[in-house]
Amino acid sequence: MGRTLQNTMINLGLQNACDEAVYQLGLDMEELEEIEEDAGLGNGGLGRLAACFLDSMATLGLAAYGYGIRYEYGIFNQKIRDGWQVEEADDWLRHGNPWEKARPEYMLPVHFYGRVEHSASGAKWIDTQVVLALPYDTPVPGYMNNTVNTMRLWSARAPNDFNLRDFNVGDYIQAVLDRNLAENISRVLYPNDNFFEGKELRLKQEYFVVAATLQDIIRRFKASKFGSTDSVRTVFDSFPDQVAIQLNDTHPAMAIPELMRIFVDIEKLPWDKAWDITKRTFAYTNHTVLPEALERWPVDLVEKLLPRHLQIIYEINQRHLDHIASLFPNDVDRLRRMSLIEEGDTKRINMAHLCIVGSHAVNGVAKIHSEIVKTQVFEDFAELEPEKFQNKTNGITPRRWLLLCNPGLAELIAEKIGEDYVRDLSQLTKLHKFVDDDLFIREVAKVKQENKVKFALYLEKEYKVKINPSSMFDVHVKRIHEYKRQLMNCLHIITMYNRIRRDPAKLFVPRTVIIGGKAAPGYHMAKMIIKLINAVAQVVNNDPVVGSKLKVIFLENYRVSLAEKVIPATDLSEQISTAGTEASGTGNMKFMLNGALTIGTMDGANVEMAEEAGEENLFIFGMRVEDVTELDRKGYNAQLYYDRLPELKQAVDQIKSGFFSPKDPNLFNDVVNMLFHHDRFKVFADYEAYVKCQEKVSELYLNSKAWTKMVIRNIAAAGKFSSDRTIKEYARDIWHVEPSDLKIPPPNEPRDAGQDKTPNGTAA
């Protein structure tokens with residue numbers, strides 16, 4: 001979520017008043033804002049997307065709740081020591097959190113372990129261990145519409161009789177100390193991005209948030225006029241019309257068997273009725289096609305932790321496979337491929353398959369990704385129910401990612417086209433008529449230059465490196481992962497360095513290359529990549545021949561509040577994943593909206609950015625998905641490129657020989673070995689096209705006016721990438737709710753009591 005103070009002031013229309021009031025107290029608002037800790041309760045794009053979605057849902061007047069876990073420790077703080085990433089605990093609650101309100105009155109029990117007893121009256125899950133879920137509510141204000149929604153995060157608490165009711169003969173002290181075991185559930189965020197680690201504590205976290213949330217939703221449904229009761233039993237027929245639950249990746253997939261358990265075991269609904277309601281309630285968003293990221297939980301672990309849920313999953317699977325066998329008799333391989341259970345050394349539950357079978361809608365997050373989801377990853381399911389599969393291209397909130405982080409540009413745009421664009425970003429197309437306006441061109445360039453000067457001062461303060469603010473700010477910030485190819489950027493840096501040294505007199509367009517992002521603590525290769533970038537920076541930044549022509553900075557502890565500083569100052573945005581690997585990306589959109597040009601592959605939302613702005617207004621290079629597929633068919637041979645391209649050979653040889661690590665010449669052996677022998681993401685195959693494309697970038701940068709005109713065309717085409725547009729599509733096509741642009745009267749104005757302001761249905 002990042003910081004909340006400035007976002008709240010902007011959405012409430014109070015920023016200027018607060019700035020002034022604080023100034024009159026002799027204080028500086030910006031200094032105050034820097035004190036607030038980021039709430040870093042997710043990894044990379046997935047978590048940030050949810051935050052943008054919450055802002056858009058409130059701004060569109062949807063009755064929506066964001067549910068998650070109140071981690072005591074969020075994503076680790078990254079320190080760089082001697083060029084290596086070192087993790088520190090993110091004790092973000094150390095000074096308290098003024099934005100949250102604990103709601104102990106809504107505390108709920110969550111059960112684990114135990115066993116299942118079957119009787120005539122149905123299944124009973126007994127002898128369980130109980131953990132309490134304590135909700136904390138954070139307000140989510142819409143933009144200037146007096147709507148305030150809720151983000152409800154659950155914290156784990158041990159019940160007061162924990163470990164005291166059983167076995168514990170007299171060891172009272174130990175019993176109280178053991179409360180930690182239960183409360184560890186919400187202790188810390190698992191820091192993996194695009195990688196599945198099948199740990200028991202992680203599965204506990206996933207079920208914890210799901211079980212608490214579903215109880216909360218059902219409590220709210222029963223309290224509403226819709227949860228009508230026939231004598232004792234609630235009638236749930238209208239449940240899917242009143243409740244929509246969107247599964248953000250497979251992490252909350254246990255919600256499907258959990259809702260079935262509630263309906264069948266507790267509410268005593270017949271299976272078929274319960275299943276129909278469940279399917280109509282859930283929808284699933286897929287966020288990655290990388291096989292190592294797909295959640296596949298061992299059956300043994302689920303059986304131990306959630307025995308009743310395993311039985312329900314087996315039953316779901318049996319009925320699912322019976323259905324497929326009836327449609328495709330004798331096709332055993334299809335049954336194997338489509339089963340929720342994967343046989344093998346250890347039997348596993350494929351959570352994506354569970355989500356597809358248990359949802360009425362499945363979507364990818366960019367056109368190209370949704371296509372890959374349909375035709376490759378889940379082709380059998382799409383063949384069965386093509387109407388279930390949709391696309392919902394991701395977006396970003398223009399409140400945080402333009403108004404908040406780039407007030408200079410936001411104001412400049414407002415002067416030209418009015419202020420309405422903040423709620424309807426498609427209006428940015430009106431900027432097209434100013435693309436030849438010399439004054440506007442100069443003003444856009446001036447705002448960018450001011451942002452660069454400000455960020456250069458920040459860098460000089462933090463990194464003690466002298467930055468040339470007129471150099472091209474070439475920025476690559478995102479989680480460190482092989483598929484995102486920070487290594488390819490690194491090879492380009494080395495190539496530029498070698499060119500300067502070969503011919504120091506030749507004209508060279510000065511660059512400040514900024515790379516930032518966190519590596520998962522257990523991801524060895526990602527950590528080596530960080531060390532390599534820092535080793536290259538050490539050599540480049542201290543070579544007198546290079547001087548101010550080329551500087552390399554590794555941006556420490558990349559997070560939302562740092563993104564808000566670097567993105568408005570960026571000239572060139574690096575979006576260089578191997579085609580077919582980045583589901584969408586959202587950083588790409590933030591840079592586009594803030595006046596950076598994009599160098600990128602035809603991957604994720606880059607494809608749609610090129611479609612909106614015109615391919616000639618992005619620097620597109622490299623293999624397309626078809627080329628990657630073809631290269632896989634032929635077999636990728638890295639050695640061929642190394643032998644054919646002298647500059648690539650020189651760069652790789654320097655890494656190999658210890659040119660960047662003289663004290664330990666073999667330091668980067670693992671990296672080099674990977675690049676030659678098991679590079680799944682084909683860095684060498686795109687190197688030549690990337691370097692040539694970068695030459696075109698430098699050439700255009702020399703012509704400031706032509707560059708800025710291309711910037712304006714990009715900003716004018718960025719309207720599609722508002723999360724408001726994304727959420728309108730979810731609301732229309734999946735949740736079946738209507739956005740409301742009713743501005744709720746503020747509390748100081750009397751309300752029209754007769755008016756029913758409840759929109760039809762709630763999106764949870």
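Helices H1 (5–11), H2 (15–24), H3 (29–33), H17 (398–404), H18 (407–417), H19 (438–463) and H22 (560–566) each supply at least two residues to the lining of the second largest pocket. Helices here are DSSP runs of H or I with at least four residues, strands are runs of E with at least two, and both are numbered from the N terminus. Colleagues, before I continue, a word on the source. This is a predicted model, in which local features need pLDDT of at least 70 and side-chain atom pairs count only at pLDDT 80 or more, while totals for chains, interfaces and linings use all residues. Residues are numbered from 1 along each chain as its sequence is written, and side-chain values use heavy atoms, with hydrogens and water left out.

To return to the pocket, H19 gives the largest share of the lining, seven residues. The space in this second largest pocket is about 1400 Å³. Of its 46 lining residues, Gln6, Gln15, Leu403, Leu404 and Pro407 are the closest to its centre. A pocket, on a 1 Å grid over the protein atoms alone, is an open set of points where a 1.4 Å probe fits, with protein on both sides within 12 Å along at least five of seven lines; lining residues have an atom within 4 Å of a point. The volume is the space filled by probe spheres set on the points, which are joined across faces, edges and corners.

I turn next to the aromatic residues. A search of the whole structure finds 23 aromatic pairs. Rings of Phe, Tyr and Trp (its six-membered ring) pair if their centres lie within 6.5 Å; planes under 30 degrees apart are stacked, over 60 edge-to-face, and the rest tilted. Phenylalanine 221 and phenylalanine 239 are edge-to-face, because their ring centres are 5.1 Å apart and their planes stand at 80°. This pair links helix H7 (residues 200–223), which holds phenylalanine 221, with helix H8 (residues 239–242), which holds phenylalanine 239, 18 residues apart. Phenylalanine 221 is buried at 3% relative accessibility, and phenylalanine 239 is buried at 0%. Buried means under 20% relative accessible area, exposed over 50%, and partly exposed in between, with a 1.4 Å probe and protein chains only. Phe221 and Phe239 also belong to one aromatic cluster with Phe236 and Phe263.

A tilted pair is formed by tyrosine 497 and phenylalanine 659, at 6.4 Å centre to centre and 50° between the planes. Tyrosine 497 lies in helix H20 (residues 486–502) and phenylalanine 659 in the loop between helix H27 (646–657) and helix H28 (669–677), so the pair ties together parts 162 residues apart in sequence. Tyrosine 497 is buried, at 1%, whereas phenylalanine 659 is partly exposed, at 32%.

My last topic is serine 577. Where is serine 577 found? It is in the loop between strand S22 (572–575) and helix H23 (587–593). Serine 577 counts as buried because its relative accessibility is 5%. Its side chain makes a polar contact of 2.7 Å with the side chain of aspartate 603. Such a contact is a pair of N or O atoms within 3.5 Å; within protein, one must be able to donate a hydrogen and the other to accept it, and residues adjacent in sequence count only if both atoms are side-chain atoms. Not counting residues up to four places away in sequence, serine 577 touches Tyr483, Lys484, Arg485, Glu582, Thr601 and Asp603, where contact means heavy atoms within 4.5 Å.
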